[in-house]
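Please keep the sequence and the structure in view while reading.

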Amino acid sequence: MILYQLKCADGHAFEAWFKDGEAYEVQRGRGDVSCPYCGLADVAKAPMAPHVATGAEDPHEQRARVLAARILEAVTELRDEVRRTCEDVGPQFPEEARRIHYGEARARDIRGEATADEADDLRDEGIDVFLLPGIPDKRRS
Ligand SMILES: [Zn+2]
């Protein structure tokens with residue numbers, strides 16, 4: 001399999017996997033390769049970004065690393081936001097979320113711990129639950 005960076009005639013950049021270079025040419029010739037954003041079948045291989053050719057690192061690995069760093073940054077920001085705005089109820093989270101949902105406790109944003117199963121049960125009851133991906137937390141006291 002080979003991953004190609006493609007661009008449609010409208011300038012949308014996207015990626016697609018092909019069995020090999022020939023499969024890409026054949027599928028493209030048949031108009032089977034279309035832009036996921038606008039549907040145009042007029043696509044071409046996009047030139048690789050010039051700034052990735054700076055070292056021995058594989059461009060895809062580098063992209064993955066940059067992406068991972070961005071995701072980590074976004075998740076960290078989200079966790080900080082949650083920490084600032086939500087009351088920490090710790091392991092009482094599932095119980096407290098239910099009490100709030102059923103009007104037995106003051107309505108407020110809370111955070112805490114729940115297993116994936118507990119979170120699923122809460123969602124089944126129509127309670128909004130958002131699981132934050134676990135990341136190393138240097139600031140945990
Ligand atoms: Zn397009």
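## Terms and model

A residue is called buried if 20 or more other C-beta atoms lie within 10 Å of its own, exposed if 12 or fewer do, and partly exposed in between, with the C-beta atoms placed from the backbone. This is a predicted model, in which local features need pLDDT of at least 70 and side-chain atom pairs count only at pLDDT 80 or more, while totals for chains, interfaces and linings use all residues. Residues are numbered from 1 along each chain as its sequence is written.

The predictor's confidence in each residue, pLDDT, runs from 0 to 100; its mean over the protein chain is 85, and 87% of the residues reach 70 or more.

## Overall fold

The protein chain holds four helices and five strands, where helices (H or I, at least four residues) and strands (E, at least two) are DSSP runs numbered from the N terminus. Read from the N terminus, the order of these elements is β-β-α-β-α-β-α-β-α.

Of the 141 residues in the protein chain, 7% are buried.

## The three-stranded sheet

Three strands form an open sheet in the order β2-β1-β3, with antiparallel pairing; two strands pair if DSSP finds at least two bridges between them. Because β2 (13–18) and β3 (43–45) each have a single partner strand, they stand at the edges, and one side of each is left without a neighbour in the sheet. From one strand to the next the twist averages 45°, with axes fitted as lines to C-alpha atoms (for helices over the stretch in contact) and angles running from 0 to 180 degrees between N-to-C directions.

Strand β1 (residues 2–8) pairs with β2 over six bridges in the antiparallel sense, and the bridge partners in β2 include Phe-18 for Ile-2 and Ala-16 for Tyr-4. These two strands, β1 and β2, form a hairpin with four residues between them, and Gly-11 in the turn has a positive phi of about 95°. The antiparallel pairing of β1 with β3 runs over three bridges, and Cys-8 has Val-43 as its bridge partner in β3.

## Glu-118 in helix α4

Is Glu-118 buried, partly exposed or exposed? Glu-118, which is placed in helix α4 (residues 116–124), counts as partly exposed because it has 16 C-beta neighbours inside 10 Å. The C-alpha atom of Glu-118 is separated by 6.7 Å from that of Pro-94, although the two residues are 24 residues apart along the chain.
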